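Please walk me through this structure in plain terms.

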Amino acid sequence: MGAMTLGEVQQNSILHMEVLGKSGRLEYDLPVLFTAQGAAFVSPITYKGQIVNFNRTDIMINILYTRNDEKPIQWCGCQVKTVAYKGQKYHMISCSKIGLEVNRRGSYRISMGILGLAVVDGFEGKMHVVVKDISATGFSFIAPKEDMTKEGADVRLTFVEEKSDLRFDLSGRLVRKV
């Protein structure tokens with residue numbers, strides 16, 4: 001299955017919602033309670049006892065649905081509205097676009113598992129990391145502490161591939177922390 005609507009997501013599936021705005025990024029994992037009218041309905045997200053209003057023009061909402069043994073499905077530019085149904089309040093997640101399968105990094109990854117040095121903007125000095133994998137479109141590494149990396153920060157990664165004795169000097173931007 002390469003494409004689907006939010007209304008096709010199975011009950012009790014988990015949707016990962018990413019909310020992007022000027023002040024940063026928020027993420028939520030939301031169980032689907034039911035679907036109707038091509039939308040997924042979830043328990044309302046609250047903050048300090050109040051239901052969060054996502055009906056704003058200064059944010060962008062993306063949804064990721066991770067499936068067992070299949071590529072995840074992603075919907076971009078979604079809407080989240082507070083609705084009442086049978087006396088209960090819900091957040092209704094809808095998207096005018098069809099969700100498509102995504103490869104989080106669009107090219108083949110080569111597993112590395114070797115030591116390297118990373119310099120991350122906003123943090124002093126070099127940090128010792130484990131280079132997890134590289135590809136034509138990116139790289140991943142494991143930092144010693146989660147608070148040593150910040151999404152959006154520029155990164156310079158250096159390591160030596162031992163068999164060929166080749167030195168790699170890569171640069172990129174931190175797009176995701178897992």
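I142 is partly exposed, with a relative accessible area of 48%; partly exposed is the range between buried, under 20% relative accessible area, and exposed, over 50%, with a 1.4 Å probe and protein chains only. I142 lies in strand β15, residues 138-142, where a strand is a DSSP run of E of at least two residues and strands are numbered from the N terminus. Together with L115 and V130, I142 forms a nonpolar patch on the surface, with about 280 Å² of accessible area between the three. Such a patch is made of residues with over 30% relative accessible area and no salt bridge, with nonpolar side chains (Val, Leu, Ile, Met, Phe, Trp, Tyr) joined within 5 Å. A salt bridge is a side-chain nitrogen of Lys or Arg within 4 Å of a carboxyl oxygen of Asp or Glu, and accessible areas come from the Shrake-Rupley method with a 1.4 Å probe, only the protein chains shown counting as cover for residues.

This is a predicted model, in which local features need pLDDT of at least 70 and side-chain atom pairs count only at pLDDT 80 or more, while totals for chains, interfaces and linings use all residues. Residues are numbered from 1 along each chain as its sequence is written, and side-chain values use heavy atoms, leaving out hydrogens and water.

Next comes a sheet. Four strands form an open sheet in the order β4-β5-β11-β10, with antiparallel pairing; two strands pair if DSSP finds at least two bridges between them. β4 and β10 (79-85) stand at the edges with a single partner strand each, so one side of each has no neighbour in the sheet.

Strand β4 (residues 34-36) is joined to β5 by 3 bridges, and F34 has F41 as its bridge partner in β5. The hairpin of β4 and β5 has 2 residues between the strands, and Q37 takes a positive phi near 55° there. On its other pairing, β5 meets strand β11 (residues 88-94) over 3 bridges, with A40 opposite I93.

In a regular strand the side chains alternate between the two faces of the sheet. In β5 (residues 39-42), both faces are covered: A39 and F41 on one side, and A40 and V42 on the other, are all buried.

V80 lies in β10 and counts as buried because its relative accessibility is 4%. Contacts of V80, meaning heavy atoms within 4.5 Å, include M17, F54, I61 and H91.

Note on methods:
Patch = residues over 30% accessible without salt bridge, like charges linked within 9 Å, V, L, I, M, F, W, Y side chains within 5 Å. Lists of a residue's contacts leave out its neighbours within four places in sequence.
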